[in-house]
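Thanks for coming. Please have the viewer open.

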Amino acid sequence: MDEQLRRQYLEAMGITSWLFRQPDETEKLVPPPVEAWCQEKAPAAEEADSPRLDNVAGLDWAALRERVAACKACDLHRSRTQTVFGVGDQNADILIIGEAPGADEDRQGEPFVGRAGKLLNAMLKAIGLDREQVFIANILKCRPPGNRDPRPEEVLRCKPFLLRQVELVAPRVILAVGRIAAQNLLQSTDPVGRLRGRVHGFGESAIPLVVTYHPAYLLRSPEQKAKAWQDLQQVTKFLAGKESPKPTG
Ligand code: SF4
């Protein structure tokens with residue numbers, strides 16, 4: 001069948017035929033400059049996906065969420081079911097920061113679900129707050145396999161996302177729950193027992209930060225719940241203006 005007839009049949013069937021475009025004469029005469037090839041070295045895949053501060057700065061919530069969902073900056077993207085961005089009131093007074101998604105969170109795409117999540121909800125209720133009235137996020141947005149501790153390089157890679165969330169929420173107080181969150185946010189190796197009980201300052205603007213135990217730990221060590229209760233009261237006193245707003249450390 002000759003080519004013209006074949007095209008007519010295809011058009012009659014509503015099928016668009018694709019033809020190779022011939023470069024025009026000017027394109028043939030203007031090759032790309034050699035310097036451009038040398039300078040535009042393709043970045044390595046990891047480098048290209050890295051959430052550096054300069055490529056999340058200024059992102060709004062929707063764009064940030066999209067950036068997180070597509071992130072492959074560390075190896076955790078290989079084993080995740082989905083990213084766990086964070087949830088709650090985007091203008092909350094309290095920003096709760098935990099460690100990393102566990103199995104339930106990885107499955108549901110939401111931080112602090114399952115038994116530990118229920119306990120956190122109960123703790124919030126005890127100070128008169130619903131879960132929807134705070135914003136909840138994690139240091140890492142993807143689950144470490146087998147719930148192992150986050151690795152320093154993973155924390156570093158993921159950090160810009162959290163920092164942008166802190167900027168967007170602009171909370172009056174941050175509640176760091178658990179050792180991993182507290183130590184990473186405060187750049188400390190002290191245990192939770194030594195970090196709790198006072199108000200720290202986070203970041204350049206010294207956002208007040210209170211440390212408490214992780215609900216998963218409280219499920220294993222219920223005798224520590226009284227201390228967690230004291231920590232939450234410190235937060236409420238602070239929000240009510242009864243606590244000295246001057247952070248330490
Ligand atoms: S943990 Fe963070 S840095 Fe690593 S892939 Fe997930 S979103 Fe990206």
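I'll start with helix H9, where Glu154, Arg157, Cys158, Pro160, Phe161, Leu162, Arg164, Gln165, Val166 and Val169 are buried. Buried here means 20 or more other C-beta atoms within 10 Å of the residue's own; exposed means 12 or fewer, partly exposed is in between, and the C-beta atoms are placed from the backbone. Helices (H or I, at least four residues) and strands (E, at least two) are DSSP runs, numbered from the N terminus.

Two remarks on the source. This is a predicted model, in which local features need pLDDT of at least 70 and side-chain atom pairs count only at pLDDT 80 or more, while totals for chains, interfaces and linings use all residues. Residue numbers start from 1 along each chain as its sequence is written.

Now the overall counts. The chain has 13 helices and 6 strands, and of its 249 residues, 36% count as buried. Two residues are in contact if their C-beta atoms, placed from the backbone, lie within 7 Å. Among contacts between residues at least 6 apart in sequence, 70% join residues at least 24 apart.

Back to H9. It covers residues 152-169, which is 18 residues, and spans 25 Å from first C-alpha to last, close to the 26 Å expected at 1.5 Å a residue. The expected span is 1.5 Å times one less than the number of residues. H9 has a kink of about 45 degrees at Cys158, shortly before the proline Pro160. That bend is the angle between axes fitted to the seven residues ending there and the seven starting there.

What do the buried residues of H9 pack against? Their partners are helix H5 (61-69), helix H6 (76-79), strand E2 (94-98) and strand E3 (135-138).

Ala170 has a positive phi of about 50 degrees although it is not a glycine. Most residues other than glycine have a negative phi. Ala170 counts as partly exposed because 13 other C-beta atoms lie within 10 Å.

Next, the sheet. Strands pair if DSSP finds at least two bridges between them. On that basis 6 strands form an open sheet in the order E1-E3-E2-E4-E6-E5, with mixed pairing. E1 and strand E5 (199-202) are at the edges with a single partner strand each, so one side of each is left without a neighbour in the sheet.

Going along that order, E1 (residues 87-88) and E3 run antiparallel and are joined by 2 bridges, with Gly88 opposite Phe135. E3 is covered on both faces: Phe135 and Ala137 on one side, Ile136 and Asn138 on the other, all buried. E2 and E3 pair in the parallel sense over 4 bridges, and Ile96 has Ile136 as its bridge partner in E3. E2 and strand E4 (residues 173-177) are parallel too, through 4 bridges; there Leu95 is partnered by Ile174. E4 and E6 run parallel, again with 4 bridges, and Ile174 has Leu209 as its partner in E6. Finally, E5 and E6 run antiparallel over 4 bridges, with Val199 opposite Val210. The hairpin of E5 and E6 has 4 residues between the strands, and Gly203 in it takes a positive phi near 75 degrees. As for burial, 5 of the 6 residues of E6 are buried.

A closer look at Ile96 in strand E2. Why does Ile96 count as buried? Because 27 C-beta neighbours lie inside 10 Å of Ile96. Leaving out residues up to four places away in sequence, Ile96 touches Val134, Ile136, Leu175 and Val177.

The largest nonpolar core has 55 residues, and Leu95, Ile97, Leu175 and Ala176 touch the most other members. A core of this kind is a set of buried Ala, Val, Leu, Ile, Met, Phe, Trp, Tyr and Cys residues joined through C-beta atoms within 7 Å. The contacts of Ile97 include Ala137, Ile174, Ala181 and Leu185.

Last, the loop between H10 and helix H11 (192-195), where Gln187 sits. Gln187 has a positive phi near 50 degrees and is not a glycine. Gln187 is exposed, with 6 other C-beta atoms within 10 Å. That is the tour.
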